[in-house]
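Trainee: Could you take me closely through one part of this model, namely how its helices pack against one another and what lies between them?

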Amino acid sequence: MKLKVSALFSAYLVLTAIINEKRELPSIGQYRVARMHDKLESEFNVASASRDELITKFGTEKDGAFSIYPPDAGWKEFAEAWDKVAAEEIEIEVQPIPLSSLGNSSNGVTAYEFKVLGDLVSE
């Protein structure tokens with residue numbers, strides 16, 4: 001499956017939240033979320049490292065940490081560089097999670113999270 005880096009980044013963070021918040025999902029849903037999270041992790045780490053490099057390059061250091069805020073601290077340059085990285089498409093070997101495996105709980109996956117996950121969930 002092809003994903004833009006921006007979609008991968010967002011999906012990984014959503015899957016992390018679902019796992020960390022111990023959402024009410026059937027066992028099969030928990031399994032599929034965990035497996036997808038594992039498969040996205042290495043590419044997420046690459047994207048995150050690229051983002052960190054850009055923050056270091058365009059940001060300012062304060063108390064040993066880099067920041068791209070306030071806007072006069074290289075925000076525009078960072079945004080332009082990150083937009084290029086985020087728009088790149090990468091191939092990841094994942095199968096969409098079937099909607100039926102995520103259950104019917106009101107404490108499961110939210111509408112916003114489904115929106116972020118996009119094609120990573122199928123009907």
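**Helix packing**

Mentor: In this predicted model, helix α2, which spans residues 27-58, packs against helix α3, residues 75-86, at an angle of about 160°, and their axes lie 9 Å apart. Because an angle over 145 degrees counts as roughly antiparallel, α2 is described as roughly antiparallel to α3, and the crossing of the two is right-handed. On the α2 side the contact is made by Ala47, Ser50, Arg51, Leu54, Ile55 and Phe58, which meet Glu77, Phe78, Ala81, Trp82 and Val85 of α3. Sorted by class, the residues of this contact are 8 nonpolar, 1 polar and 2 charged.

Helix α3 also meets α1, and here the axes come within 7 Å and cross at roughly 90°, so that α1 and α3 are roughly perpendicular to each other. Val5, Ser6 and Phe9 of α1 form this contact with Trp82, Val85 and Ala86 of α3, and by class it holds 5 nonpolar residues, 1 polar and no charged.

Trp82 returns in the largest nonpolar core, which has 32 residues, where it is listed with Val33, Leu40, Ile92, Leu102, Leu117 and Leu120 as touching the most other members. Helices α1 (5-20), α2 and α3 each supply at least two residues of this core, and α1 gives the most, with 8 residues. As for Ile92, if its neighbours within four places in sequence are left aside, this residue is in contact with Met1, Leu3, Leu8, Lys39, Leu40 and Glu43.

Definitions and conventions: Residues numbered from 1 in each chain as written. Predicted model: local features only at pLDDT ≥ 70, side-chain atom pairs only at ≥ 80, totals over all residues. Heavy atoms only, no water. Axes fitted to C-alpha atoms, helices over the stretch in contact; angles between N-to-C directions. Helix = DSSP H or I, 4+ residues; strand = E, 2+ residues; numbered from the N terminus. Parallel < 35°, antiparallel > 145°, perpendicular 65-115°, else oblique. Left-handed = near helix turned anticlockwise from the far one by under 90°. Contact = heavy atoms within 4.5 Å. Nonpolar A, V, L, I, M, F, W, Y, C, P; charged D, E, K, R; others polar. Core = buried A, V, L, I, M, F, W, Y, C linked by side-chain atoms within 4.5 Å. Buried < 20%, exposed > 50% of the residue type's maximum accessible area, 1.4 Å probe, protein only.
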